[in-house]
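Please look over the chain below before reading on. The briefing that follows takes up a pair of helices and then some points of backbone geometry.

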Amino acid sequence: MPVTKLPFHADHIGSLIRPEAVATAQDKASKGEITQDELKQAQDVAISDIVKKQLDNNVRAISNGEFDRKYYFSGFFEKLEGMREIENVPWDLARLSAPPIAALKKAGKNYPMAVVCEGKIKYNQSPYLENWRQLKSTVSADKVGALKFTMPPPCYFHLRLAPGKCYSKDAYSNDADFFADLADAYRKEFKTLYDDGLRNIQIDDPTLAYFCSDDMLAGLKSDGDDPDKLF
């Protein structure tokens with residue numbers, strides 16, 4: 001078999017630690033104290049800085065640290081037609097057996113954001129193209145191939161929301177049809193980003209570790225789901 005040479009020896013998943021300036025700007029934007037344009041300016045400065053640090057230290061693959069997102073899973077689902085964002089998610093909407101949801105509830109914290117499907121999913125425009133182009137603008141043309149961009153997994157909210165809450169019955173009658181349309185949106189986004197030069201997409205938090213949790217497996221069975229089939 002031919003040996004494939006990887007472009008880097010090791011990698012990390014997803015977010016880098018957000019600088020205080022980005023966290024502060026995001027908090028102010030959420031409170032309406034600064035505009036979205038002002039938030040973006042703070043994010044762009046932080047992304048340029050973190051890209052330079054990665055280049056200076058020969059880090060591969062180079063990412064934007066997800067500094068351009070309120071949450072690491074933000075920015076894709078809520079920009080598809082048929083989807084609606086919900087902030088401060090009610091507990092009756094959540095799958096309480098999912099490990100991160102259980103941890104939030106135990107810690108007395110809110111489940112900050114979820115996206116539910118209320119109509120047929122349609123990909124009308126790229127959710128992430130401008131984010132990718134901003135990252136691409138921080139490096140010279142010969143370094144674009146060393147960049148990576150992250151996306152949340154298709155099953156992200158399906159596994160975090162209670163049974164029957166991820167999509168309305170008016171939109172889809174079963175998981176297979178829901179995921180077929182969602183997968184089509186992912187394929188179109190991959191193609192859009194690829195055509196614009198991206199060669200490394202990483203799925204941030206594929207959620208497969210959920211199936212190592214006894215509480216999650218018991219919860220799925222209690223909900224009437226077959227964990228093996230869902231996996």
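Helices α1 and α2 are roughly antiparallel to each other, a label given to angles over 145 degrees. This is a predicted model, in which local features need pLDDT of at least 70 and side-chain atom pairs count only at pLDDT 80 or more, while totals for chains, interfaces and linings use all residues. Residues are numbered from 1 along each chain as its sequence is written, and side-chain values use heavy atoms, with hydrogens and water left out.

**Helix pair**
- The axes of α1 (residues 20-30) and α2 (residues 36-56) cross at roughly 170° and come within 9 Å, where axes are lines fitted to C-alpha atoms over the stretch in contact and angles run from 0 to 180 degrees between N-to-C directions.
- The contact (heavy atoms within 4.5 Å) is made by V22, A25, Q26 and A29 on the α1 side and by Q36, L39, A42, Q43 and A46 on the α2 side.
- By class, this contact of α1 with α2 has six nonpolar residues, three polar ones and no charged ones, with Ala, Val and Leu among those counted as nonpolar.

**Backbone geometry**
- The peptide bond from R60 to A61 is cis, with omega near 0°, and A61 lies in the loop between α2 and β1 (81-89).
- N88, which lies in strand β1, has a positive phi of about 50° although it is not a glycine.
- T207, in the loop between β4 (201-203) and α7 (214-222), has a positive phi of about 70° and is likewise not a glycine.
- T207 counts as buried because its relative accessibility is 2%, buried meaning under 20% relative accessible area with a 1.4 Å probe and protein chains only.

Technical notes
Helices (H or I, at least four residues) and strands (E, at least two) are DSSP runs, numbered from the N terminus. Angles under 35 degrees count as roughly parallel, over 145 as roughly antiparallel, 65 to 115 as roughly perpendicular and the rest as oblique. Buried means under 20% relative accessible area, exposed over 50%, partly exposed in between (1.4 Å probe, protein chains only).
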